[in-house]
Each structure stands twice: as structure tokens, then as C-alpha cells.
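Q: Please take a close look at one helix in this model. Which of its residues are hidden, what do they pack against, and what else holds the fold's charged side chains together?

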Amino acid sequence: MMPFRSTRLLAALSVALALVALLAYAALWFFFAREQARAAAVVAARAAEEQAERHDASRERLLLETEVKRARVDALFVGQDGAVQFLKELEQTARDAAAELTVIKVASPEESVNPPPPGGFEKLLVAVEVGGSFAEVHRFLTLLDLLPRPLAISRASFSREESGAWSGIFELEALKLR
């Protein structure tokens, strides 16, 4: 009977070793899968960092390449705090035309009856009176047309005084950044 007992012992030992091997395989599989997931997360994070670096470099390159064009576009509009600068430009334009300029009114958008244009703009309404000879008033209008920003003359009136001097009252509309 001894050999039967040793056979049973061998069978039990074989089953135990098989279970240990199975548990060891399962543990190795679990650790391998966890390390593989961690490595995949590290690779994904590094890829995201590289993509962000490429995106930042591309954005910086775009900003550098378009700097001159953006400056030209910014000159087309009155800045958020640029109403005073715009009025100085109008005064300089009048001086260049040898005419006298008087600012009558600067209307904020809330005072305007027109709805605001779409986008990040609003209308800046300025009423000015320009005086001088007819040639000077005409030259002012010509120089006004040559300013780097689009202007609209919404209302104009001319009058000639008894002294022969001309004056014009103009209501100008410029686009202002909000």
C-alpha cells in the first residue's frame, strides 16, 4: 500500500505545484498588465507634452510671422482707450491742411441711436467743425480719406461766412474696439 500512498502524495504535490504555478502566472500577468498600463500612461503623457510644445512653438511662430500684419490691422480701429489719440489725429490732419478744427461732440456708443456693429467693435461718433478757405476744408476732407482707418461721414454741412472763409461741420463714424 505504500506505493498508493506515495502516488496520492505525488498527485497532491503535483496539484499544489500546479496551483502555485497558476498563482505565480496570474501574479506575473497582473504585474505585467499594471506595468504595461503605467508605461502606456507615461507614453501618452509624454506625447501630450510634445504636442503641447509643438502647439506652443507653432503659436509663437504664427505670432512672430503676423506681427506686422496685426499692427496694420490694429491701426485700422480706434483702440479701447484710443478716442483721445483719434482726436489728436484729427487735429493733426486739420493742421496738415492748414485748417482750424473744433471738436463739437464725441458720442459714446450708449448715446448712439444706431445698433452696434457685430463683432468686438462699436461706433465712435465724432462731430467736428473745420474752418478755413475752401481749399483748406477740401484738403482736410482729402487727408481724412487718407487716414489709415475707415471713416464714414454720416452728415456734412458747408457754409461760407461773409469774410469769405468756409466752414464745414462733419459727423464722423469710426470703428472702435470694445
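A: In helix 3, the buried residues are Ala-83, Phe-86, Leu-87, Leu-90, Thr-93 and Ala-94. They share one side of helix 3, because they cover an arc of only 115 degrees around the axis. That arc is taken over the directions from the helix axis to the C-beta atoms. Buried means under 20% relative accessible area, exposed means over 50%, and partly exposed lies in between (1.4 Å probe, protein chains only). An α-helix has 3.6 residues a turn, so residues three or four places apart point the same way.

This is a predicted model: local features need pLDDT of at least 70, side-chain atom pairs count only at pLDDT 80 or more, and totals for chains, interfaces and linings use all residues. Residues are numbered from 1 along each chain as its sequence is written, and side-chain values use heavy atoms, with hydrogens and water left out.

Helices (H or I, at least four residues) and strands (E, at least two) are DSSP runs, numbered from the N terminus. Helix 3 covers residues 83–96, which is 14 residues. The expected span is 1.5 Å times one less than the number of residues.

What do the buried residues of helix 3 pack against? Their partners are strand 1 (100–107), strand 2, helix 4 (134–145), strand 3 and strand 4. Contact here means heavy atoms within 4.5 Å. The face turned away from the buried side carries the exposed residues Val-84 and Arg-95. Just after helix 3, Ala-98 takes a positive phi of about 60 degrees.

Now the charged pairs. The structure holds 9 salt bridges. A salt bridge is a side-chain nitrogen of Lys or Arg within 4 Å of a carboxyl oxygen of Asp or Glu. Lys-123 forms a salt bridge with Glu-173, with the closest N and O atoms 3.4 Å apart. Lys-123 is partly exposed at 25%. Glu-173 counts as buried at 16%.

Arg-155 and Glu-171 also meet in a salt bridge (3.4 Å, N to O). Arg-155 lies in strand 3 (residues 151–160) and Glu-171 in strand 4, so this pair ties together parts 16 residues apart in sequence. Arg-155 is exposed at 54%, whereas Glu-171 is partly exposed at 30%.
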